[in-house]
Amino acid sequence: MEYVPALARWLHFLAGIMWVGLLYYFNFVQIPALKAAGADGTAAGITRHIAPRALLYFRWSAVVTWLAGAALLGGQFVSAFTLSKGYAGIGIGAWLGTIMLFNVWVIIWPNQQKILGLKPATDEEKNAARRTALLTSRANMALSIPMLFFMAGGLTHRAAFGL
Amino acid sequence: MKNPLDSIWGTIISGLVLTVVLVVAAKTLLA
């Protein structure tokens, strides 16, 4: 059954690249682009055609990343999440990834549905949703930095930091 | 005080600071 962790690792990386790649796309490209597009009246193209597709792959790649990560941990799942001895590094990474997944589904996506008009909302609610979604997306971007540090560490981090 | 998450650089610096804090915490409390 050694194929399961090997395939889980591969899938974890593929989906994780898509998830974090889209997170960085939102923060580095789409948010500043929407600001500029709003000024010349071209934002509708982004909000109607690009953002919904990007959010679809974003939220589902987050789920696949987490599930593949859980499969990869296998019998070490509890040791990682309880930060047992020898599992602090991957455990902290796993917790950060889990918090990020929570933020995607519980905060970002419901607020984006209001912003994009997929869910009824007043202008005031849309403005509040924009602020909440922006700050949560930025929080996830900040969390991705230590998350990748701990997750992608492996032997080099063990040698350098003892984690 | 301005929210550091309002800017890209503030977000990146926050992430780097959090990384250092977590590494120190992990080494101190969990090693």
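Here are a few questions and answers on how some labels in this predicted model come about. Local features need pLDDT of at least 70, and side-chain atom pairs count only at pLDDT 80 or more, while totals for chains, interfaces and linings use all residues. Residues are numbered from 1 along each chain as its sequence is written, and chains are lettered from A and ligands numbered from 1 in the order in which they are written.

Q: Why is P5(A) called partly exposed?
A: A residue is buried with 20 or more other C-beta atoms within 10 Å of its own, exposed with 12 or fewer, and partly exposed in between, with C-beta atoms placed from the backbone. P5(A) has 15 such neighbours, so it counts as partly exposed.

Q: What makes L72(A) and G74(A) contacts of P5(A)?
A: Contact takes two C-beta atoms, placed from the backbone, within 7 Å. P5(A) touches both, leaving aside residues up to four places away in sequence.

Q: How do you know what span to expect for α2(A)?
A: The expected span is 1.5 Å times one less than the number of residues. Helix α2 of chain A, residues 43-73, has 31 residues and reaches 42 Å from first C-alpha to last, close to the 45 Å expected.

Q: What makes I50(A) the site of a bend in α2(A)?
A: The bend is the angle between axes fitted to the seven residues ending there and the seven starting there. At I50(A) that comes to about 40°, and a proline, P52(A), follows within four residues.

Key:
Helix = DSSP H or I, 4+ residues; strand = E, 2+ residues; numbered from the N terminus.
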